[in-house]
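Please go through the model shown below.

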Amino acid sequence: MYATSYHRASSVEDAVKLKSAHDEGKYLSGGMTLISTMKQRLAAPSDLIDLRHIPSLRGVRIEGRKVTIGAATPHADVAASRELAAICPALCQLAGHIGDPHVRHMGTIGGSIANNDPAADYPAGVLGLGATVVTDRRSISADDFFTGLFETALAEGEMVTAVTFEAPEKAGYAKFNNPASRFAMTGVFVAKTAGGVRVAVTGAGSSGVFRHSGFEQALAGNWSADALSNITVDSSGLMSDLHANAEYRANLVKVMARRAVASAG
Amino acid sequence: MGVEGIGARVTRKEDKRFLTGKGRYTDDMTVPGMKYAYFIRSPHAHARVKGIDASAARSMPGVIDVLDGKQLQADGIGNLICGWMIHSKDGSPMKMGAWRPLAVDTVRYVGDAIAIVVADSLGEARDAAEAVVIDYEPLPAVTETAVAMAAGAPQLHPEAPNNLIFDWQLGDGDAADRAIASAAHVTEIEIHNNRLSPNPMEPRATLGIYDGAEDHYTCYTTSQNPHVARLVMSAFYNVAPENKLRVIAPDVGGGFGSKIYIYPEEIVCLWASRKTGVPVKWTADRTEAFLTDAHGRDHVSKVKMAFDADNHITALKVDTIANLGAYMSLFSSAVPTYLYATLLSGQYAIPAIHANVRTVYTNTVPVDAYRGAGRPEATYLLERTIETAARELGISPAELRRKNFIRTFPYQTPVIMNYDAGDYEASLNAAMQAADWAGFEARRATSEANGKKRGIGMSCYIEACGIAPSAAVGSLGAGVGLWESAEVRVNAVGTIEVLTGSHSHGQGHETTFAQLVAGRLGVPIESINIVHGDTDKVQMGMGTYGSRSGAVGMSAVVKALEKVEAKAKKIAAHLMEAAEEDIVIENGELKVAGTDKALPWFQVALAAYTAHNLPSGMEPGLKETAFYDPANFTFPAGCYVAEVEIDPETGETDIVQFVAADDFGNIINPLIVEGQVHGGIAQGIGQALLENVQYDANGQLLTASYMDYAMPRADDLPSFKLSHQNTPCPSNPLGIKGCGEAGAIGSPPALINAITDAIGNNGLTMPATPMKVWQALHAAH
Amino acid sequence: MTKVTLTVNGRAMSGECEDRTLLVNFIREKLGLTGTHVGCDTTQCGACVVHMDGRSVKSCSILAVQASGSTITTIEGLAGQGELHPVQAAFKEHHGLQCGFCTPGMVMTAVDMINREGGSLTEEKVRAGLEGNICRCTGYHNIVKAILAADAEMAGGRQAAE
């Protein structure tokens, strides 16, 4: 790891101020990706602004069917939230299968979506739920938030503070692990929301998380796994790597979509 | 034998220190003034090194020095060697290219060491390494086994035209050809044995300490055989004479073969300590481990197996190309030859066998012994071939094996080995019964009804362990003898230290070796300590590999104990005024048989040291040494059954059950033996389903971390069903055969036979990843 | 250099380190507690697992400065001097360790698992709960057995106490 300077922010305002004072700095949440990347000397932020100790960023709040998850809420807390499980168990299940128990104790939803790793789980959940990403300065719809591999709509110095969404009528998530890293080799989140059916795919697209409109249309007409049987997934635009080529991923997208629908009930 | 003797499930004496964080591994060592090393490694698979400029790095904060290969060469440090001479069939010796501990003008694989930075902290050493400017001229690279000898392939070493190291054969080719020509059926198959990274959880590390006042070196290192390390570093690498070099292998976090070899880092850190005047510690990170730890397997073979009309095997003909990587590692040449082709008879009576083995250089990490070493390659090849033959012949796989089993012992195979004992059918029957083989078709039907594909497969393995009779291996090219030493040191109060040349890095010697002594003498196991891993304490030893510690290391302890017991009996007879031959040792006492006269063990020990009243002419003290050289290899064997369920939608394999039936001869500690089998099976399943080292066409290692190299995890594996059959080994005093490698040897073919059974496509290579299984399923239908 | 203050195994400890120092290196090198190990560089193997404020974390992926102010338990602090925690005792009883290198992380993981789901563990749950820990020696068979045995024993102990 290259040398860096650590700062612990006490509030959102404090964090934004610290970030603006350090051009080459980075926000640090759970650090489960950032610290690893820095260890490999693939990232070299001059400064780290730690968000983990800002109380307002932590916790799952539920008002009626409106869910607000603080950006610095660890995956384990989302997975274990009984209130959330009562209205959107699919997201608890998604959070409960990120990384491993130790990673889930540190990693956060804000960190995950701000990083937008193409094989991360949360981008599928957030996009699939049609959630809103709240930052220190504005609200961004999930459809506008994820813009490409490790790319988001966040401006320089902008910080995710929460993710909010209306609990869907039904939702499900199915994931096929990369046998080595255990990241999603393909993960599909399906949701029947007030705004319609949404299907978001992670781990497969060469430009990161994406929505599958063919699946969405089919499920809007008939919410069942069988509704997807005759839809062919186009393998162009899907990733090919050591573990899965695009053709196999196209198969997994369909199989995981069917399983996600089945799990949603 | 009592609750702590041979055969007892004694929990391990060494566990407490590991469970409480008090284990002491090499990276845990710190000495005053210690500095940290970082190795600069080639990012190219093949390149000329035109220049190294370390001037800027030398003046960076915390940097003590930057040292390179030219300086090492100038100081007379020698090349790394391969210690087993193989001759090609034309009589020419193997073509060993030069392996410099720090490359001087050419680098031959990604990770090849070029220079070392020594600094106050690892961070500073790494910072400085980035400031060392190396001028490379990249050269074309070759990584694939099958194409390394092709015309126009990039050449690695001038000594080895066409990258061919040796072209060796074993057995009678004409006899095999004749049998194949007249066979009723010939099964032909191409077998790939995938390339693996051993991955002990403790990365390699070394701490080199040079004491200028004494002109003496101390090397802490992650080694399975510290004495071999000292011998090789003294005799071949010119680091220091043996009396000036102490090698200590403290707690070592697993080896699996990869810590047998002497690597550049030990040599360079010792030399760097002398150059810089400070102790120098290096610890690999995991990526360095992938880049530099010797890999295992990587064979491509063509096989023909001939049968007569009665389905008896009449011949086996094998043509293998084995990839040895960029340089010849310490025992690399022995693995695809005498540890491989000599086992090609398997458990079967095969009148004619011929193996041709060519080994090649490629721009990859050196390949050497990894758990099983040659024997997994032989077993996989044979057991995939016989399974394929059974399918072609329309006969059940168990039936075809039974028909061809060797049933009388000793049995001389056509490929050197003389099997001394075994009962292969007993293991086959035990495994099939434990797996409820008879009920499989009903289970398959249930799976089919649930949309799953179910398959069952077996493998009958044999291995040669107890490595090895020194004269025999010497005649085959080994540069060392493979005996073991032991010293039994009885203290004046009767407690005992056993010094052994076997090294324990997970195998539990501190318990099993103590059980042997406790059982024989009837003294408490707590009164016995096992000392190993330090060349200053143990005089000499050949170390731990090839499942040899029990069969060879413990046999040496038996021999030393016999001498101790003989002397103790003499003393006891003298003290009790009895005849020496009437003394028996039981329950911690020396008794006069048939009387109630007895002396406690400690009292005899004390008498030996007070020396007030010893038999006339006897030397004081009670301490004996023995060297044991085995008379033969040992031959553990068994039968493994795997049953799998495949999800046809994803290609994912679920191991529904895994059964192992092993014949290890007598067993010292079933708890520990079971643990060895569990671990071996997990590595075998890893090879079959998950693990694969992959390079791209330019020689970049694609699987350089756990992000891409799939290690077996708890949820990839089932619990295992084990059983033991026992035909005691007749060639060593304990009747034991060895158990450390069996699991890794027997399991891969059982898995692949099961999966190919399930999907109905025999053309599947390891590892059977979900994608490959899914593709094979689609190709089959 | 920054001052890091921690409560480690019940004792207040502090030390100066660079901000880039990982928690695991601080524990091993500054505090001399070498029971916590490093087995990989990519947050996968779990040899470095310690408890931070009561939760299992991978100390190779946390900066020491990030942890400052927290309470840390390492393998050395799990039981009193000379004693074994029930999980440690179960690992010994069931031969859940061989080379010992992954063992501290395995034990700390098992304790965390039992803290969270004690009394309801099954083989499947234990195997899933070990997703972040790699062992190369045991094939996990006896680790799983040991954790289930410790869970049963500790659940029995809790019941008896009620």
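Two residues are in contact if their C-beta atoms, placed from the backbone, lie within 7 Å. This is a predicted model, in which local features need pLDDT of at least 70, side-chain atom pairs count only at pLDDT 80 or more, and totals for chains, interfaces and linings use all residues. Residues are numbered from 1 along each chain as its sequence is written, with chains lettered from A and ligands numbered from 1 in the order in which they are written.

Q: What percentage of the contacts in chain B with a separation of 6 or more comes from residues 24 or more positions apart?
A: Chain B has 781 residues, and its C-alpha trace spans about 85 × 75 × 55 Å along the principal axes. Among its contacts with a separation of 6 or more, the share from residues 24 or more positions apart is 80%.

Q: Which radius of gyration does chain B have?
A: The radius is taken over C-alpha atoms, and the globule rule is 2.2 Å times the number of residues to the power 0.38. For 781 residues a compact globule would have a value near 28 Å, which agrees with that of chain B, 27 Å.

Q: Are α9(B) and α18(B) roughly parallel or roughly antiparallel?
A: Helices are DSSP runs (H or I, at least four residues), numbered from the N terminus. Axes are lines fitted to C-alpha atoms over the stretch in contact, with angles from 0 to 180 degrees between N-to-C directions. The axes of α9 (residues 375-393) and α18 (residues 742-759) of chain B come within 8 Å and cross at roughly 30 degrees. Angles under 35 degrees count as roughly parallel and over 145 as roughly antiparallel, so α9(B) and α18(B) are roughly parallel.

Definitions and conventions: Helix = DSSP H or I, 4+ residues; strand = E, 2+ residues; numbered from the N terminus. Parallel < 35°, antiparallel > 145°, perpendicular 65-115°, else oblique.
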